Amino acid sequence: MTENDDVRGRSVVLGGPTPERTALGSNDGAADKRPVRRAAWAGLIGTALEQYDFVIYGTATAIIFNRIFFPNVDPAIGIIAAFGAYAVGFGARPLGGLFFSKYGDRLGRKWVLVATLFLMGIATFAIGLLPTFDQVGIWAPVLLVACRFLQGFGAGAEQAGGVVLIAETAPKGARGRYTSLVFVGAAAGTALGAIVWILAQMMPEEALEAYGWRLVFFSSIFVTIAAYVIRRKLKESPVFEEKKEEIAGSARTTPVADVVKNGRKSLFRVFFMNVGANAHSYIFQVFLGSYLISQLKIDATFIPKVLLVGALFACVSAYAFGTMSDRFGRRRMYLVVTAFLFVFPIPAFLLLNTGNLFLISLVIVLGFIFAAQGAVGVQAAYFPELFGSRYRYAGVALGREFSSVFGGGIAPLISSALVTAFSGSWIPVAIYMMAMMGISLFATIKAPETVDRDLFTEEDAK
């Protein structure tokens, strides 16, 4: 007897499936799609805010922060220091995941999505208020790191909340398509961040250094308000609504302790499947900007423009890979992504070092299509399906966010340090990228297929 046969048998004994279960498992399109569409929009715009926050900071790191927050050091060291502050945000993500996971599996996915939204929005706005090194000395980078910590603390539960809520609301046969919209939001956030920086760089350089960069961070308030307007009307997921009384009755064990004790296998799967993809994502989105400026002497105004082009392609990529994972399977599509990224670094740097702007654009676009959004377009449905209903939020949040520390969090920092240590050579960076992606590729080969798995069951995927 299969897992789904067992579920159907139990539903008969219990008097038939609930309306929520019918909607979740239906493939006939008859279920009310308004809740899942609202959840998809809420996830999309919330993740757009998160990515917008990270992209405007990452771009500022490549363009200006080394001069206004770390001015009294060698430019290469200043970039490394700025990326170190960037990494702090990723270090805070698993802490935010640990903190909010308890509430996501107890109070609901919606509660966390609203709380993290305001935390990220306020932290980003606060960066625009910070004094520079010339004004307050060492306190400037200290305050910058504090704001980055709060950004990361909120982001640690943001994407997990979005994908779990949508996955538990979407109908079977369309789970990948709907959950991928969370990462369409991420690509849209990157595009929006790039547009804002393109506009900011139209200012005279003196004005940009004086106050223009602050306007970029102040602009996050508009995205925050838009996200809140959508999220306040969200409904809780059918799986959480059915399980909440049972979960409340087992309050002696926290979801975090539960997943660490009983869900370690899936937790490690998510960690290793994500760590390489996450590293590649932020190398393409963040590190390459500073590499192109410092090593290849590309005009800084080119960086936001090529990021915008990459992000527009990525919007399509996330949705396409999510939709294809519904048809061809999660594991197969994730193998396509990780295998491509494993072999791509050496050709990528060979093309970059031609200095040809078209070839540079091609590399970054392919990086966005596969690493930045192709991978997460599949992950959006894959990772929630790996976990049982009891600690799904905690499992997705902890697996993704701890891996993000060792993936995207330190990847720009390590890459910058490697380039500096090896006199500008790209070869160590390419080897590092291949090693990281090799981990994710191997983990995917060992992972199970989960497409259309019943999300009401408490057991993890085998």
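**Questions about a helical protein**

Modeller: Helix α15 (residues 302–328) packs against helix α18 (residues 357–372) at an angle of about 35 degrees, and their axes are 7 Å apart. This is a predicted model, where local features need pLDDT of at least 70 and side-chain atom pairs count only at pLDDT 80 or more, while totals for chains, interfaces and linings use all residues. Residues are numbered from 1 along each chain as its sequence is written, and side-chain values use heavy atoms, leaving out hydrogens and water.

Colleague: What do the words helix and axis stand for here?

Modeller: Helices (H or I, at least four residues) and strands (E, at least two) are DSSP runs, numbered from the N terminus. An axis is a line fitted to C-alpha atoms, for helices over the stretch in contact, and angles run from 0 to 180 degrees between N-to-C directions. By this count the protein has 22 helices and zero strands.

Colleague: Which residues of α15 and α18 meet?

Modeller: Among them are Phe302, Val306 and Phe321 in α15, and Leu357, Ile364 and Phe370 in α18. Contact means heavy atoms within 4.5 Å. By class, the contact of α15 with α18 has 15 nonpolar, three polar and no charged residues. Here Ala, Val, Leu, Ile, Met, Phe, Trp, Tyr, Cys and Pro count as nonpolar, Asp, Glu, Lys and Arg as charged, and the others, Gly among them, as polar.

Colleague: Happy to move on to rings! How many aromatic pairs does a search of the whole structure find?

Modeller: The search finds 19 aromatic pairs.

Colleague: Why is the pair of tryptophan 213 and phenylalanine 217 called edge-to-face?

Modeller: Rings of Phe, Tyr and Trp (its six-membered ring) pair if their centres lie within 6.5 Å; planes under 30 degrees apart count as stacked, over 60 as edge-to-face and the rest as tilted. The centres of tryptophan 213 and phenylalanine 217 are 6.2 Å apart and their planes stand at 80 degrees, so the pair is edge-to-face. Both residues lie in helix α10 (residues 205–218), four residues apart, about one turn of the helix.

Colleague: What makes the pair of phenylalanine 284 and phenylalanine 344 stacked?

Modeller: Their ring planes are at 25 degrees, with 5.9 Å centre to centre, and the pair is stacked. The pair links distant parts of the chain, 60 residues apart: phenylalanine 284 is in helix α14 (residues 264–294), and phenylalanine 344 is in the loop between α16 (330–343) and α17 (345–352).

Colleague: Why is arginine 400 called buried?

Modeller: Its relative accessible area is 6%, so arginine 400 is buried. Arginine 400 lies in helix α20 (residues 392–409). Leaving aside neighbours within four places in sequence, its contacts include Gln159, Asn274 and Phe383.

Colleague: And is proline 71 buried, exposed or partly exposed; which of these words applies?

Modeller: The relative accessible area of proline 71 is 29%, so proline 71 is partly exposed. Proline 71 is found in the loop between α3 (34–68) and α4 (75–104). Not counting residues up to four places away in sequence, proline 71 touches Asn66, Phe133 and Asp134.

Key:
Buried < 20%, exposed > 50% of the residue type's maximum accessible area, 1.4 Å probe, protein only.
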